[in-house]
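The sequence and the coordinates are displayed below, and the account follows them.

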Amino acid sequence: MRFEKVIIVSDMDGTFLGRGATVVPENVEAVEYFNSKGGKFTFATGRVHYNIFKAVKNANLLCNIPAVTVNGACIYDLSLNKIVYENPMNVSDVKEVTEFADSEYPHIGVRCSTEYGMLTNRVNEIIKKDIDGFEGGRVEIKDTDMWIGEKIYKVVFRAQAEQLLEFRSDLERNFAGRFNIAASSPRFLELNSPGCSKADGIEFISNYYENEYKYKPIVFAVRHYENELQMLNTADYSVCPSNATDMLKAEAD
């Protein structure tokens, strides 16, 4: 079949989805056509699997191979509703960086993506908006001393762009090597385990496909922001939409 050796891995927000995280019918039709000709399509996203379904109701039909979720921290089969691979964070490190933010940057909002939903220790105006719009899981609000035993995939810090730039510099200086740090937008700073990224997710998917189908696939990555740069470089071909950052446009094929 025409696309039987091809994988397309696409970001969701700002790429597959349109303005306001709405589904673009033309994108759905294109993926359905691609899949019907033997192609393999999936998402690589910062979202947790249950939050994918909030945006794309038929994601389990579009993604015919496992999805890279929470920036590579969890590879999830949307059709079978099961985890294929996971790389949760060190909770002690998460607790420490959250308490650092609370002490030095109390205006910054923090929330964690977990196996069940959202976890935070305090609710400010920014995080309240996230909680109010949250669907697909439950929200836990509890002191960081009660976080031990949680399975945390990702930490998100939220603030105005200039505030996050200063905060990021402090994180990179005080927590060097303890997190993978990347911005997903000017107002979102995301932390994962060291070595955990969407690029690692692409490699996992490529190897998974090769083991399953006995030949090495050709991988196209479709991305739009800084935290996707490694992923573009990992894929065989990289593609970005017109709203991508200049950095990604310079790197994309």
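Two residues are said to be in contact when heavy atoms of theirs lie within 4.5 Å. The model discussed here is predicted.

**The surroundings of Thr42**

Apart from neighbours within four places in sequence, Thr42 is in contact with Ile8, Val9, Ser10, Cys63, Ile65, Pro66 and Ala67. Thr42 itself belongs to strand β4, which covers residues 40–43. Its relative accessible area is 0%, and because buried means under 20%, Thr42 counts as buried. The side chain of Thr42 also has a polar atom 3.2 Å from the backbone oxygen of Ile65.

Ser10, one of the residues in contact with Thr42, has Val222 in β14 as its bridge partner. Strand β1 (residues 6–10) and strand β14 (residues 218–222) run parallel and are joined by five bridges. Strand β14 also pairs with strand β15 (residues 237–239), again in the parallel sense, over three bridges. In that pairing, Phe220 stands opposite Tyr237 in β15.

A mixed, open sheet is formed by six strands in the order β10-β9-β8-β11-β13-β12. Its edge strands are β10 (138–141) and β12 (180–185), each of which pairs on one side only. Direction ignored, neighbouring strands of this sheet are turned against each other by 25 degrees on average. Strands of a sheet pair through backbone hydrogen bonds, in either a parallel or an antiparallel sense. The antiparallel sense applies to strand β11 (residues 152–158) and strand β13 (residues 188–192), which are joined by four bridges. Arg158 stands opposite Phe188 in β13.

Helix α5 (residues 91–104) packs on the sheet and touches β8 (109–114), β11 and β13. The direction of α5 makes about 10 degrees with that of β11. Helix α6 (residues 125–132) lies across β8, β9 (117–120), β10 and β11, and runs at about 35 degrees to β8.

**Salt bridges**

The model has 17 salt bridges.

| Salt bridge | Closest N and O atoms |
|---|---|
| Asp13 and Arg47 | 2.8 Å |
| Arg138 and Glu140 | 3.0 Å |
| Glu172 and Arg168 | 3.0 Å |

Asp13 is partly exposed at 29% relative accessibility, whereas Arg47 is buried, with a relative accessible area of 13%.

Glu172 is partly exposed, its relative accessible area being 41%, while Arg168 counts as buried at 17%.

For the pair Arg138 and Glu140, both partners are partly exposed: the relative accessibility of Arg138 is 45%, and that of Glu140 is 24%. A network of salt bridges links Glu86, Glu115 and Lys151.

**Residues with positive phi**

Most residues other than glycine have a negative phi. Which value does Ala21 take? Its phi is near 60 degrees, a positive value in a residue other than glycine. Ala21 is placed in the loop between β2 (17–18) and β3 (22–23), and at 33% relative accessibility Ala21 counts as partly exposed.

Val70 likewise has a positive phi, near 40 degrees, and is a residue other than glycine. Val70 lies in the loop between β5 (67–69) and β6 (74–77). Is Val70 buried or exposed? At 0% relative accessibility, Val70 counts as buried.

Note on methods: Residues numbered from 1 in each chain as written. Predicted model: local features only at pLDDT ≥ 70, side-chain atom pairs only at ≥ 80, totals over all residues. Heavy atoms only, no water. Helix = DSSP H or I, 4+ residues; strand = E, 2+ residues; numbered from the N terminus. Buried < 20%, exposed > 50% of the residue type's maximum accessible area, 1.4 Å probe, protein only. Polar contact = N/O pair within 3.5 Å; in protein donor to acceptor, adjacent residues only side chain to side chain. Pairing = 2+ DSSP bridges. Axes fitted to C-alpha atoms, helices over the stretch in contact; angles between N-to-C directions. Salt bridge = Lys/Arg side-chain N within 4 Å of Asp/Glu carboxyl O.
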